[in-house]
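Here's a quick briefing on a few spots worth a look.

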Amino acid sequence: MDTGRERLGEYILARRQVLDFSREQLAALAGLSVSRISQIERGRSSDKPPNRAEGWDNLERALGWMR
């Protein structure tokens, strides 16, 4: 069964590929680690990472997503 996190990870991966960003590039733009981007794309991200709101806001901006 697909969880919300897994679906979100799939959307993030698809958007990253459309933008032709490597994980390293997206991580640098979002201010997150490459490992963190990988976890998010696989639906394995933690609910409570440090600076959660800031990290997600940066990721949305890096992907060109509007709130």
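**Arg 61**

Arg 61 counts as exposed, at 58% relative accessibility (buried is under 20% relative accessible area, exposed over 50%, partly exposed in between, with a 1.4 Å probe and protein chains only). Bear in mind that this is a predicted model, where local features need pLDDT of at least 70, side-chain atom pairs count only at pLDDT 80 or more, and totals for chains, interfaces and linings use all residues. Residues are numbered from 1 along each chain as its sequence is written, and side-chain values use heavy atoms, leaving out hydrogens and water.

- Arg 61 sits in helix H4, residues 52-63 (helices are DSSP runs of H or I with at least four residues, strands are E runs of at least two, numbered from the N terminus).

**H2 against H3**

- The axes of H2 (residues 23-30) and H3 (residues 34-41) come within 8 Å and cross at roughly 105°, so the pair is roughly perpendicular (65 to 115 degrees; under 35 is roughly parallel, over 145 roughly antiparallel, the rest oblique).
- On the H2 side, Arg 23, Glu 24, Leu 26 and Ala 27 make the contact, and on the H3 side Val 34, Ile 37, Ser 38 and Glu 41 do (contact means heavy atoms within 4.5 Å).

**Asp 20**

- Asp 20 lies in the loop between H1 (4-18) and H2, and is exposed too, with a relative accessible area of 66%.
- Though not a glycine, Asp 20 has a positive phi of about 60°.
- Most residues other than glycine have a negative phi.

Notes. Axes fitted to C-alpha atoms, helices over the stretch in contact; angles between N-to-C directions.
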